[in-house]
Amino acid sequence: MPGLLFFPEQNWGNDDFFVKKVKKEFVYSLHHQFASNTNYRKMQELQSDWCSPTRLQTSPIAQFDFPGDRFIPSRSLMDLDQARSLLTNRTRPTRNSNFNDVYRRSLEDKLTLDSDGNPFRMLVFRGSPKSNRKPIRSVDLMRQDEAKELDSSVKNVQPRRLPKGEARVLDAVNIKNDFYSSVMDWGKNSILAVALGSDLFLWNSTNREVHKLLHVDDPTDFPTSVAWSENAKTLAVGYRRSKLQLWDAETSKLVRRFENHKDRIATVAWNGHVLTSGSRDTSIINHDVRAGSIVASRLQAHKEEVCGLKWSEGGNVLASGGNDNILYIWDSSKMNSSRFLFRFREHCAAVKALAWCPYQSEVLASGGGTEDGCIKLWNTKKGTCIKTIETNAQVCGLEWNRHHKEILSAHGYSRSELIKNQLCIWRYPSMANVGNLNRHTSRILHVSQSPDGLTVVSAGGDETLRFWEIFGPPSIDKISPLDGLLSLKTSALR
């Protein structure tokens, strides 16, 4: 027989029957192994294994995406998303008695098919012929679809529209037409505090009730600065005759009194339990309201009246502006040393308007007086000026928009009749002008925004408070949603 190995008959001698049997089986196994190897080699010469990488690469009939391997799974051919879903699915199957077993098995077969309609396999070991298979990178496709939707939604966003007029007007009789003072602040309790001459009023924007908090009998003394605490429970009031008071708004009672300044207090600012005040005596004093009338620290750097103070959102940096045209940046941890972080001399008029950017904590906006007329953006970490915008008008106040990347500026005197006494909105960071609102008949003195960041109130020398729905999201409807909600009728604050 070809392919078999024959051995001649041998004399086994005197071996017993068991030894002879073992030897015969050994000889038979050798014959069988030799024959198997010979037949396998002949078959391999006739045709190659269909699953081998060699055939997959050299076959002229079928073309394959990836050669793959018979023993190592190919990740590029596996639907990893579907495999992960099947492996991590912890939902318990619920059986409906209305369905029979045949229907249930048919449904399960349909749900376990891949994108080509073939039975789904978690591990794919070899290449498959090229076909019109759907891509299996589901996550990438989802991200591409989301990017397209985002791009289309951005293109469909309507342009920013400003209101044609104020939403409400209140009379503010006897408000002091003083650029250096700061007599208006809107607290988180939705109560607007504003000083009108010798009186200080509280206006509740929720129920529109007016309450007089205090009255000063001395004709030579009156409030020159007000500021709500962060929890809106305490109102700080600075006076022309240098005293500083803390009032409980709920009980309308005087809580504490400080007399550490020697001249009028033009500006006050809160940082937690620390109350900072700036005065015409050129000093900045930090008061710890928990420790009575003790001065926590005193800063002496300005050469003229301090008219602007603003703490950063994190409370670690203080900005101060003065009538000496200088802007100082202070580190809260180094207040006792009176050493400032930076000193900016680029303004050429008094620096009163200060506002920290809500999107970038290190960015500060400052505005100069009539002779300067500029808005400057500063990087307080690097100590550099980012941008300068020439408004050609006195900058009396600045407010950042928390809903759009914009900043609002309030202006006073100007050499141009077209620019003075108006509100301007600038797009950040390009600082392109979005629009202007000109309804005040005298210079705007103060601006403040509501707790929700949607409404801005401006106080002018024309003795009016004007409320603007200017910071909200853009309206989809052609008709403004504010029409009919707020009365445009002028009403008195008292």
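## A first stop: Thr282

Thr282 sits in the loop between strand 11 (274-279) and strand 12 (283-288). Strands (E, at least two residues) and helices (H or I, at least four) are DSSP runs, numbered from the N terminus.

Which residues is Thr282 in contact with, leaving aside neighbours within four places in sequence? They are Leu299, Gln300, His302, Lys303, Glu304, Glu305 and Val306. A contact means heavy atoms within 4.5 Å.

## What kind of model this is

This is a predicted model, in which local features need pLDDT of at least 70 and side-chain atom pairs count only at pLDDT 80 or more, while totals for chains, interfaces and linings use all residues. Residues are numbered from 1 along each chain as its sequence is written, and side-chain values use heavy atoms, with hydrogens and water left out.

The predictor's confidence in each residue is its pLDDT, from 0 to 100. For the protein the mean pLDDT is 81, and 67% of the residues reach 70 or more. Over residues 46-62 the pLDDT is below 50, and this stretch has 17 contacts in the model beyond near neighbours in sequence. Residues 130-136 also have pLDDT under 50, and the model gives them 16 contacts beyond four places in sequence.

## The protein as a whole

The protein has 5 helices and 29 strands. Of its 494 residues, 43% are buried. Among contacts with a separation of 6 or more, 48% are between residues 24 or more positions apart.

The accessible surface comes to about 28,700 Å², and carbon and sulfur atoms account for 51% of that surface. Accessible areas come from the Shrake-Rupley method with a 1.4 Å probe; for residues, only the protein chains shown count as cover.

## Thr267 in strand 10

Another threonine to look up is Thr267, which lies in strand 10 (residues 265-271). Is Thr267 buried or exposed? Thr267 is buried, with a relative accessible area of 4%. Not counting residues up to four places away in sequence, Thr267 touches Ser225, Thr276, Ser277, Gly278, Val306, Cys307, Gly308 and Leu309.

With Leu309 there is a further detail: its backbone nitrogen lies 3.5 Å from a polar atom of the Thr267 side chain. Thr267 and Val237 are 30 residues apart in sequence, and their C-alpha atoms are 9.2 Å apart in space.

## Rings and their partners

A pair of aromatic rings is described by the distance of the centres and the angle of the planes. Rings of Phe, Tyr and Trp (its six-membered ring) pair if their centres lie within 6.5 Å; planes under 30 degrees apart count as stacked, over 60 as edge-to-face and the rest as tilted. The structure holds 11 aromatic pairs. One of them joins Phe179 and Tyr180, an edge-to-face pair at 5.2 Å centre to centre with 80° between the planes. Phe179 is buried at a relative accessible area of 4%, whereas Tyr180 is partly exposed at 24%. The rings of Phe342 and Phe344 are stacked because their centres are 6.1 Å apart and their planes are at 10°. Phe342 is partly exposed at 22%, and Phe344 is buried at 4%.

Ring pairs also link Trp186, Trp203 and Phe467 into a cluster. Charges meet rings as well: the charged end of Lys176 sits over the ring of Phe222, 4.5 Å from its centre, and that of Lys243 sits over the ring of Tyr239, 4.2 Å from its centre. A charge sits over a ring if NZ of Lys or CZ of Arg is within 6 Å of the ring centre and within 35 degrees of the ring normal.

## Backbone details in loops

Most residues other than glycine have a negative phi, and most peptide bonds are trans. The peptide bond from Tyr428 to Pro429 is cis, with omega near 5°. Pro429 is placed in the loop between strand 24 (423-427) and strand 25 (432-437).

Ser190 is not a glycine, yet has a positive phi of about 65°; this residue is in the loop between strand 2 (184-186) and strand 3 (191-196). Glu463, also not a glycine, has a positive phi of about 60°. Glu463 is found in the loop between strand 27 (456-460) and strand 28 (464-468), and counts as partly exposed at 32% relative accessibility.

Key: Buried < 20%, exposed > 50% of the residue type's maximum accessible area, 1.4 Å probe, protein only. Polar contact = N/O pair within 3.5 Å; in protein donor to acceptor, adjacent residues only side chain to side chain.
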